[in-house]
Amino acid sequence: MTKGPVLILGARSDIARAVAHRFAAMGHPIQLAARNATTLAQDKVDIELRYDVPVTLHECDALDPASYSACVDGLPDLPEIVCCAIGYMGTQAENERDVPMAQTVLRSNFEGPASILSIFANLFEERGFGTIIGISSVAGERGRATNYVYGSAKAGFTAFLSGLRNRLAGKGVHVITVLPGFVATQMTQGMDLPARLTAQPEEVATAIANAVRRKRNVVYVRPIWQLIMLIIRSIPEAIFKKLKI
Amino acid sequence: MKLSGWGNFPVHDVAMQTPRVVDEVVSSVHAQDMIARGNGRAYGDSALNTHATVNMCGLNRFIAFDADTGVLTAEAGVILGDVIAAMLPRGWFPWVTPGTKFVTLGGMVAADVHGKNHHGFGSFRHCVEWFDLCDAKGDVRRCSRTQNADLFDWTFGAMGLTGVILRVALRLRPVETGWIRQRTIAASDLGAVMALFETHAAATYSVAWIDCLATGKDLGRSLLMLGEHASAYETPARLRAKTATMRQKRRLRVPALLPGGLLNRLTVRAFNAAYYRWGAHNAGSRIVDWDSYFYPLDAILGWNRIYGRKGFTQFQCVLPETSAHDGLEKILKQTALAGMGSFLAVLKRLGPQDGPFSFPMEGFTLALDFPVSPATTRLIKKLEAITLEHHGRFYLAKDSHMSAETLRASDDRIADFTAMRDQLASTAVFRSEQSKRLKI
């Protein structure tokens with residue numbers, strides 16, 4: 001049986017690359033969408049040579065809703081699976097001072113991803129099957145002083161995915177929320193992350209592939225993060241507001 | 001961040017960069033004190049520079065494959081195991097492979113790795129068509145046997161000290177299956193195993209596990225393992241069908257913190273004796289998969305942790321044919337005397353010298369693992385002295401202990417190497433903790 005295509009949105013990120021490799025290794029055709037998609041030509045060749053599957057490149061800018069329809073229309077086939085790895089963290093200090101910067105973070109992590117996935121949600125619903133994967137963040141579980149701009153956008157995205165899952169549950173379309181925790185990527189390069197809590201992009205890809213197979217709903221890549229976030233969520237606000245975490 | 005080689009010793013606090021595209025590497029080179037690092041499989045400090053260590057694993061794309069010639073072009077951070085995974089189902093296998101598939105192509109060039117077929121085929125350089133190297137000025141140079149031929153020659157075995165290897169074009173060998181016909185022969189002592197290597201010089205692959213704690217008449221008792229690529233005709237149908245897919249084996253993982261004393265004289269001696277008897281009892285031919293044959297240790301992820309948190313070192317020397325028996329006997333006696341044997345004692349016949357700075361030379365190479373300790377440091381000094389007396393030299397990809405003086409005493413090519421480095425203006429730009437220690 002031939003496998004259906006997998007569309008990766010925000011295909012330039014390390015997690016996106018790992019996810020593309022993982023599904024290509026399973027025999028899925030791959031559709032890579034990103035800004036300046038032509039610069040992904042090397043990655044297209046890489047995946048085609050390694051896994052002998054077709055790879056197509058698609059221009060898509062999360063911050064430009066006008067680019068969405070051309071992206072969707074340009075796909076050779078409607079994908080079986082869409083994985084949204086779009087995200088931008090910026091730095092908290094900058095996000096606090098610089099309103100346009102904060103807006104970019106909010107739009108890149110919530111508005112853009114939610115808007116694009118809405119389009120696929122409707123198409124998948126009409127077709128009667130499909131899987132939607134949203135890579136959100138544990139940062140969205142509770143706002144903290146150190147990254148609440150990014151975190152609040154991810155909180156919005158997590159809520160959006162949860163609602164979408166609820167809406168599509170009876171329609172044959174499955175929605176997966178991925179909460180990676182720390183991952184060693186370009187986004188976190190130079191940060192001093194504890195090794196035990198930090199996943200490699202390939203681990204995230206494996207967790208996603210397993211989640212698709214087992215129809216999981218919410219996935220913490222490293223199980224320890226489920227416990228950590230349970231604790232962080234349950235600290236009373238009166239105490240939490242005084243903590244430095 | 002704290003970083004070490006495969007031996008977990010020495011540990012240095014290094015600044016690490018991870019470029020994703022070639023341009024990022026080129027711009028990072030400019031007049032920096034830096035070294036490129038592959039997948040960290042060199043044992044010691046070859047791929048560490050406290051000032052700037054450039055992790056090449058982000059540059060890991062396949063670029064092209066020519067199915068007529070079997071030449072694969074890829075970025076230097078591509079892992080050998082990924083090459084096998086992609087190419088074996090299409091009937092291709094690397095011409096040369098070291099004992100682990102978790103090395104990068106760039107690292108294979110830098111160490112000019114050798115495999116179980118060195119006696120017949122030579123080192124990795126013989127299957128490399130060309131590579132692109134970023135030199136000290138930040139210029140990218142294509143190096144091959146006809147283009148920048150000197151730089152091509154010197155870069156093999158230079159441990160990254162001529163520049164940053166960016167892309168590699170390597171020739172693969174056509175194979176009919178992923179199966180290996182393995183033949184195991186027990187050898188009762190050192191003379192016997194050395195003679196067996198000569199008797200089976202025509203074998204494609206040969207390597208011996210040696211019991212480094214056996215003494216007296218058993219000194220050097222070994223299991224010689226020969227291998228040939230199995231043809232489709234020789235492979236049972238039920239196995240042939242499996243060739244097309246990469247065997248995804250259940251892997252064991254060594255837990256993070258093992259007590260350092262787990263490997264001691266008693267446990268290693270007992271293991272070695274049992275392993276030799278088991279091997280001698282099961283001597284003969286059988287068909288094994290490529291992964292078990294070439295990479296038995298890769299099945300145990302993180303096996304380097306078995307030596308505890310202080311880490312370990314591998315002593316690997318090569319001795320020329322004429323003095324090999326005498327030298328190996330002394331090394332084994334000294335090792336047994338110190339009571340510091342390792343599970344991993346490997347003896348291999350090597351073919352002729354490959355290039356101006358590659359490790360191999362015609363003779364025998366012996367590799368021994370030891371946990372890091374003051375006693376090990378003393379033993380290694382003794383083993384180095386024996387190697388020097390017998391005109392041998394040392395493998396830089398394994399070294400973490402040698403002095404600059406020992407290196408110079410072992411290898412008369414050092415002056416030419418450092419002169420070449422000066423001429424390329426690379427001496428101050430490409431440096432590792434190893435090159436600082438060895439003053440090269």
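**Charge, fold and contacts**

Colleague: How far apart do the centres of the positive and negative side chains of chain B lie?

Modeller: Lys and Arg count as positive and Asp and Glu as negative, while His and the chain ends are not counted. Each charge is placed at NZ of Lys, CZ of Arg, CG of Asp or CD of Glu. On that basis chain B has 51 positive and 41 negative side chains. The centres of these two sets lie apart by 8 Å.

Colleague: What kind of model is this, and how are its chains and residues labelled?

Modeller: Residues are numbered from 1 along each chain as its sequence is written, chains are lettered from A and ligands numbered from 1 in the order in which they are written, and side-chain values use heavy atoms, with hydrogens and water left out. Local features need pLDDT of at least 70, side-chain atom pairs count only at pLDDT 80 or more, and totals for chains, interfaces and linings use all residues, for this is a model that is predicted.

Colleague: How many helices and strands are there in chain B, and why is chain B described as compact?

Modeller: Helices (H or I, at least four residues) and strands (E, at least two) are DSSP runs, numbered from the N terminus. Chain B contains 14 helices and 21 strands. The globule rule is 2.2 Å times the number of residues to the power 0.38, and the radius of gyration is taken over C-alpha atoms. For 440 residues the rule gives 22 Å, and chain B is as compact as a globular protein of that length because its radius of gyration is close to this, at 21 Å.

Colleague: What share of the residues in chain B is buried?

Modeller: Buried means under 20% relative accessible area, exposed over 50%, and partly exposed in between (1.4 Å probe, protein chains only). Of the 440 residues in chain B, the buried ones make up 60%.

Colleague: Is B:Thr73 buried or exposed, and which residues does it contact?

Modeller: B:Thr73 lies in strand E7, residues 71-75 of chain B. Its relative accessible area is 11%, so B:Thr73 is buried. Contact means heavy atoms within 4.5 Å. Leaving aside neighbours within four places in sequence, the contacts of B:Thr73 are B:Phe62, B:Ile63, B:Ala64, B:Trp130, B:Val168 and B:Ala169.

Colleague: Which three residues supply 49% of the area that chain B buries against chain A?

Modeller: Buried area is the accessible area (1.4 Å probe) that two parts lose on being put together, summed over both. Between chain B and chain A it is about 1200 Å², with 38% from carbon and sulfur atoms. The three residues that supply 49% of chain B's part, more than any other three, are B:Arg20, B:Arg61 and B:Phe62.

Colleague: Which peptide bond is cis, and what is its omega?

Modeller: Most peptide bonds are trans. B:Pro10 is found in the loop between strand E1 (2-3) and strand E2 (12-13) of chain B. A cis bond joins B:Phe9 and B:Pro10, with omega of about -10 degrees.

Colleague: Where is B:Asn148, and what is its phi?

Modeller: Most residues other than glycine have a negative phi. B:Asn148 is placed in the loop between strand E10 (140-144) and helix H5 (149-155) of chain B, and counts as partly exposed at 28% relative accessibility. Its phi is positive, near 45 degrees.
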